[in-house]
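Please keep the sequence and the coordinates in view while reading.

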Amino acid sequence: MIVIEEWSWISGIRVTDKIEYNSVADWERDLFINTLKGTHVGYKIYECTMAEFDSMNTVQRGLLMVKQKFDKEAYRGDPK
């Protein structure tokens with residue numbers, strides 16, 4: 001199980017969502033679709049369940065994070 005914190009740019013609004021996936025392949029499919037739609041801004045990957053994620057504080061989450069990637073210009077409000 002993995003939890004993804006995902007940032008998107010939808011209709012001029014920054015949206016943050018967290019989603020639990022059974023596998024990286026399931027998440028990569030959604031990442032590909034969101035990238036093609038032009039809504040994807042960035043993500044953080046955590047190797048845990050949603051219940052574990054929700055029970056942690058920000059420091060614990062930071063130690064558990066596996067990878068992150070952001071398009072800083074899109075996050076500031078300049079989507080491509």
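Which residues does R61 touch, not counting residues up to four places away in sequence? They are Y46, F53, D54 and M56, where contact means heavy atoms within 4.5 Å.

The model is a predicted one, in which local features need a pLDDT of at least 70 and side-chain atom pairs count only at pLDDT 80 or more, whereas totals for chains, interfaces and linings use all residues. Residues are numbered from 1 along each chain as its sequence is written, and side-chain values use heavy atoms, with hydrogens and water left out. The pLDDT, which is the predictor's confidence in each residue on a scale from 0 to 100, averages 85 over the protein, and 88% of the residues score at least 70. Confidence is highest in helix α2 (residues 50–55), at a mean of 94, and lowest in helix α4 (residues 72–76), at 57; helices (H or I, at least four residues) and strands (E, at least two) are DSSP runs, numbered from the N terminus.

R61 belongs to helix α3 (residues 58–64). The residue is buried but has no salt bridge, and D54, the nearest side chain of opposite charge, is 4.7 Å away. Here buried means under 20% relative accessible area, exposed over 50%, and partly exposed in between (1.4 Å probe, protein chains only); Lys and Arg count as positive and Asp and Glu as negative, while His and the chain ends are not counted. A salt bridge requires a side-chain nitrogen of Lys or Arg within 4 Å of a carboxyl oxygen of Asp or Glu. A polar atom of the R61 side chain does lie 3.1 Å from the backbone oxygen of F53.

**Salt bridges**

The whole structure contains 3 salt bridges, which are listed here.

| Pair | N to O distance |
|---|---|
| D54 and K18 | 2.3 Å |
| D26 and R29 | 3.9 Å |
| R29 and D30 | 3.5 Å |

Because D54 lies in helix α2 and K18 in strand β2 (residues 13–21), their pair ties together parts that are 36 residues apart in sequence. D54 is partly exposed, with a relative accessible area of 43%, and K18 is also partly exposed, at 34%. D26 and R29, by contrast, both lie in helix α1, 3 residues apart, or about one turn of the helix. R29 is partly exposed, with a relative accessible area of 47%, as is D30, at 23%. Through shared partners, salt bridges join D26, R29 and D30 into one network.

**Nonpolar cores**

A nonpolar core is a set of buried Ala, Val, Leu, Ile, Met, Phe, Trp, Tyr and Cys residues joined through side-chain atoms within 4.5 Å. The largest has 7 residues, namely I2, I4, Y21, W27, L31, Y43 and I45, and the elements that give two or more residues to this core are β1 (2–10), α1 (24–37) and β3 (40–46). Leaving aside residues up to four places away in sequence, W27 touches I2, I4, Y21, Y43 and I45. A second, separate core of 6 residues includes V3, Y46, F53 and M56.

M1, in the segment before β1, is partly exposed, with a relative accessible area of 46%. Beyond its neighbours within four places in sequence, M1 contacts E20, Y21, N22, E47, C48 and T49. M1 and C48 are 47 residues apart in sequence, with their C-alpha atoms 5.8 Å apart in space.

Technical notes. Polar contact = N/O pair within 3.5 Å; in protein donor to acceptor, adjacent residues only side chain to side chain.
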